[in-house]
Amino acid sequence: MLSSFNVYHSYLECLEPLCDAERGRLFTALLEYSISGTTHALRGNERFVFPFMRNQIDRDKAAYEEKCAALSRNGRKGAMAKIKADEQRAAQRLTAENTPELKDIAEYCKEMKLHVNPEAFYNYYQISDWTDSSGKKVLNWKQKLLTWENNGLSKNEKASEPEFKISAVTLADLEELKRGLKLI
């Protein structure tokens, strides 16, 4: 709702023949109309000028409401575009930076002199679509690899356990393993 209305210089010509009392009643009637939309019966010459000015108030109010609606639409459109762009950047960051290949993991293990089995690490996270045991997306695979090293999930400490090589794994096997991982 507008808290004011415009009084145009062109009104001066219409107000000239009116006396001060008629001008006062006209101005009061315009204020009441702009606030509540109600009109009162005018008794003097101001009743001839009022409809012209009332119509201008209506046009100004309609133009203001359309401008507010357009600004709201554009603001919403801009906000949605920003949200979508942020989501796309986040998705790209998650997929591009955080899903290494087996060779990347092997190189990092070699570089850092880690005792983690790169293939086991890769298979573990690849099956779970690079999410951790709590279902959160892996943001830093190198950090996860160091955690494996620190938690003793390395070749040397697991030497007594036989290493299983996965060969000819079916999609059903992977889905079953994935369901099992989500239970942990």
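Predicted model: local features only at pLDDT ≥ 70, side-chain atom pairs only at ≥ 80, totals over all residues.
Close-up 1. The buried residues of H4 pack against H5 and against helix H6 (141–150). These buried positions are Ile 105, Tyr 108 and Cys 109. Viewed down the axis of H4, they fall within an arc of 100 degrees and therefore line one face of the helix. An α-helix has 3.6 residues a turn, so residues three or four places apart point the same way.

**Close-up 2. The exposed face of H4 and the residue that follows the helix.** Lys 103, Glu 107, Lys 110 and Glu 111 are exposed on the face of H4 turned away from its buried side. Just after H4, Lys 113 adopts a positive phi of about 55 degrees.

**Close-up 3. Asn 117 in the loop between H4 and H5.** Asn 117 belongs to the loop that joins helix H4 (102–112) to helix H5 (118–127). With a relative accessibility of 17%, Asn 117 counts as buried, because the cut-off for burial is under 20%. A separation of 8.2 Å is found between the C-alpha atoms of Asn 117 and Ala 106, which are 11 residues apart along the chain.

Close-up 4. Thr 131 has a relative accessible area of 19% and is buried. A polar atom of the Thr 131 side chain lies 2.6 Å from the backbone oxygen of Ser 128. When residues up to four places away in sequence are not counted, Thr 131 touches Tyr 125, Lys 136, Lys 137 and Val 138.

Conventions:
Residues numbered from 1 in each chain as written. Heavy atoms only, no water. Helix = DSSP H or I, 4+ residues; strand = E, 2+ residues; numbered from the N terminus. Buried < 20%, exposed > 50% of the residue type's maximum accessible area, 1.4 Å probe, protein only. Arc of directions from axis to C-beta. Contact = heavy atoms within 4.5 Å. Polar contact = N/O pair within 3.5 Å; in protein donor to acceptor, adjacent residues only side chain to side chain.
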